[in-house]
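Reader: I have a new structure open and would like to go through it. Can you take some questions?

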Amino acid sequence: MAPNETAQKLLLQGAQNAWDMLSQEQSQKHITTGSGDLNGILGGGIHCKEVTEIGGVPGIGKTQLGIQLAINVQIPVDYGGLGGKAIYIDTEGSFMVERVYQIAEGCISDIMEYFPCHHDKSSSGQENLQPESFLAGIYYFRICSYTEQIAVINYLEKFLREHKDVRIVIIDSVTFHFRQDFDDLALRTRVLSGLSLKLMKISKSYNLAVVLLNQVTTKFTEGSFQLTLALGDSWSHSCTNRLILYWKGNERCAYLDKSPSLPVASTPYAVTSKGVRDAGSSSCKRVRVM
């Protein structure tokens, strides 16, 4: 059989009908953000098989949310989670293990509060519900240049074939090295477009969520400078969902700016000592993230 005929046959074998696609989507579990209100505007949480961009100003809690997702994806299936593992690609050096441990402790505390009877009966669950187990479930890559970032993303498929339990890939942030080191804007756009297509393919092929944390920049519009997410308009088409984090006075808020199936919406949230929670949560001490 000629190569073109083989490719066409494989393509047709991969066809799905829309009803099967809807059924699969409705049966999918979501990765909780730690905040019920934030889950609400996201349709239950972060979706697998989709690329979600989360942007905002420094100190708003992007890395905190990224770490929270890397912990929450590991919540065992018996407790309503995915029981998966996480890949965390750190381009800025903002991943702090002490904070990860603290958020893992907060997650375990919530599980024990919501499932006290279930936890007592499950000895295997007790073994897994340790902060050390959650930290061991995060595969960490430290990236120091855009060439390393390209190389790691190209390496992801091989890594995922060997680690089939990974259910989320987080890049914090996707823009840092491309803003610092890339002078040829046209080439930058082409490279980023290729990376975004690869990440979209990975999310669907391996049934996992891809979360891209993004910085903000200023844009001159209608006679004034306004804050906008970095890398320009062409990059804005590279994700399925876009969540923008911002300050409203002293309160953190999240705004769902883009989604193929959900309405535009916003909600307050909080970053506490236990991690990302609802803004009205009184059980946790609020912390300001610099």
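**Charged pairs and a helix**

Author: We can start with D110, which counts as buried, with a relative accessibility of 13%. Keep in mind that this is a predicted model.

Reader: Why does 13% make D110 buried?

Author: The cut-off for buried is under 20% relative accessible area, so D110 at 13% counts as buried.

Reader: OK. Which side chain does D110 meet in a salt bridge at 2.9 Å?

Author: That of R277, with 2.9 Å from N to O. D110 is in helix α5 and R277 in strand β11, so the pair ties together parts 167 residues apart in sequence.

Reader: Is R277 buried or exposed?

Author: R277 counts as buried, at 6% relative accessibility.

Reader: And what does D110 do with K274?

Author: The side chains of D110 and K274 also meet in a salt bridge, at 2.8 Å from N to O. This pair links distant parts of the chain, 164 residues apart: D110 sits in helix α5 (residues 97–114), and K274 in the loop between β10 (265–272) and β11 (275–278). K274 is buried, its relative accessible area being 16%.

Reader: How many salt bridges are there in the whole structure?

Author: A search of the whole structure finds 6.

Reader: Which residue forms one with D165?

Author: K85 does, and the closest N and O atoms of the two are 3.7 Å apart. D165 lies in the loop between α9 (146–162) and β4 (166–172), while K85 belongs to strand β2 (residues 85–90), so the pair ties together parts that are 80 residues apart in sequence.

Reader: What about the exposure of D165 and K85?

Author: D165 counts as partly exposed, at 30% relative accessibility. K85 is partly exposed too, with a relative accessible area of 28%.

Reader: Which residues are linked in a network of salt bridges?

Author: E53, R242 and D257 are linked that way.

Reader: Changing topic. How many residues of helix α4 are buried?

Author: 11 of the 11, covering residues 62–72, so helix α4 is largely enclosed by the rest of the structure.

Reader: Which ones should I look for as the buried residues of α4?

Author: Among them are L65, I67, L69 and I71. The buried residues of α4 also include K62, Q64, Q68 and N72.

Terms used. Residues are numbered from 1 along each chain as its sequence is written. This is a predicted model: local features need pLDDT of at least 70, side-chain atom pairs count only at pLDDT 80 or more; totals for chains, interfaces and linings use all residues. Side-chain values use heavy atoms; hydrogens and water are left out. Buried means under 20% relative accessible area, exposed over 50%, partly exposed in between (1.4 Å probe, protein chains only). Helices (H or I, at least four residues) and strands (E, at least two) are DSSP runs, numbered from the N terminus. A salt bridge is a side-chain nitrogen of Lys or Arg within 4 Å of a carboxyl oxygen of Asp or Glu.
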